[in-house]
Amino acid sequence: MVVKVYGPLYASPKRVMVCLIEKEIDFETVHVDLFTGENHTPEFLKLQPFGSLPVIQDGDYTLFESRAIIRYYAEKYKTQGTDLLGKTIEEQGLVQQWLEVEAHNFHPPVNNLVLQIMFSPKFGITRDEKVIKESEEKLAKVLDVYEDRLSKSKYLGGDFFSLADLSHLPFTDYLVGPCGKGYMIKERKHVSAWWDDISSRPSWKKCLEYGYPF
């Protein structure tokens with residue numbers, strides 16, 4: 001059966017979609033409008049009790065949380081499409097390490113910037129300039145660590161594209177595009193080269209064809 005991915009316009013579902021494309025897994029998308037509260041309907045909450053995106057349905061199997069989903073498909077279809085986990089246990093360890101870094105160090109400040117700059121006007125909320133400033137400062141420190149890492153290897157997990165890199169695509173795209181913070185990437189030589197590389201992958205370009213929430 002074809003995998004169903006809920007909420008293709010948003011960033012976290014795109015994390016799943018780009019993984020599925022890299023793994024050559026067929027999928028279809030189901031629109032969910034966060035702005036009208038479709039994610040809090042009884043039907044949706046049966047799939048995702050927290051009302052968040054994404055959710056996937058694969059036959060009678062349902063899974064939510066984007067990083068759990070991409071780990072699942074990268075492992076289940078390890079020999080199909082792009083190997084996103086690494087060949088040796090050591091490579092896999094580094095991939096998982098940097099995937100955790102993305103979730104716990106990179107994502108929180110980027111998410112704050114996205115919420116304040118992109119989404120607060122849509123919900124009629126005044127943007128908090130203090131949060132924006134603090135988040136940018138935190139993100140700059142994280143990107144400095146990335147700059148050092150990427151001066152030593154082409155990708156975060158080593159010399160191969162992996163989940164660690166893939167997971168950065170959706171929110172970095174928001175950062176350099178709608179958030180207008182592209183200079184944070186461009187002013188770091190190795191981070192900039194890495195971003196140019198991963199964002200030019202056909203899988204990501206295909207994801208962008210689904211558009212943005214607004």
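Reader: What is the volume of the largest cavity?
Author: The largest cavity has a volume of about 40 Å³. This is a predicted model, where local features need pLDDT of at least 70 and side-chain atom pairs count only at pLDDT 80 or more, while totals for chains, interfaces and linings use all residues. Residues are numbered from 1 along each chain as its sequence is written, and side-chain values use heavy atoms, with hydrogens and water left out.

Reader: What counts as a cavity or a pocket?
Author: Take a 1 Å grid over the protein atoms alone. A cavity is a set of points where a 1.4 Å probe fits but cannot get out. A pocket is an open set with protein on both sides within 12 Å along at least five of seven lines. Lining residues have an atom within 4 Å of a point. Points are joined across faces, edges and corners, and the volume is the space filled by probe spheres set on them.

Reader: Which residues line the largest cavity?
Author: Its lining is Leu9, Ala11, Lys14, Pro170, Asp173, Tyr174, Trp204, Leu208 and Tyr212. Helix 1 (11-22), helix 7 (169-176) and helix 10 (202-208) each give two or more residues to it. Helices here are DSSP runs of H or I with at least four residues, strands are E runs of at least two, and both are numbered from the N terminus.

Reader: Which helix gives the most there?
Author: Helix 7, with three residues. By type, the lining has seven nonpolar, no polar and two charged residues. Nonpolar covers Ala, Val, Leu, Ile, Met, Phe, Trp, Tyr, Cys and Pro; charged covers Asp, Glu, Lys and Arg; the others, Gly among them, are polar.

Reader: OK, pockets now. How much space lies in the largest pocket?
Author: About 500 Å³. It is lined by 23 residues, and Ser12, Ser52, Leu53, Asn111 and Phe171 lie nearest its centre.

Reader: And which helix gives the most to that lining?
Author: Helix 4, with five residues. The lining splits into twelve nonpolar, eight polar and three charged residues.

Reader: New topic: Tyr73. Is that one buried or exposed?
Author: Tyr73 is buried, because its relative accessibility is 1%. Buried means under 20% relative accessible area, exposed over 50%, and partly exposed in between, with a 1.4 Å probe and protein chains only. Tyr73 sits in helix 3 (residues 66-76).

Reader: What does Tyr73 touch?
Author: Leaving out residues up to four places away in sequence, Tyr73 touches Val3, Cys19, Leu20, Lys23, Ile25, Ile56 and Asp58. Contact means heavy atoms within 4.5 Å. The side chains of Tyr73 and Asp58 also make a polar contact (2.8 Å). That term means a pair of N or O atoms within 3.5 Å; within protein, one must be able to donate a hydrogen and the other to accept it, and residues adjacent in sequence count only if both atoms are side-chain atoms.

Reader: What about Arg201, buried or exposed?
Author: Arg201 is buried, at 19% relative accessible area. Arg201 is in the loop between helix 9 (189-199) and helix 10. Its side chain makes a polar contact with the side chain of Glu22 (2.8 Å).

Reader: And where is Ile125?
Author: In the loop between helix 4 and helix 5 (129-150). Ile125 is exposed, because its relative accessible area is 52%.
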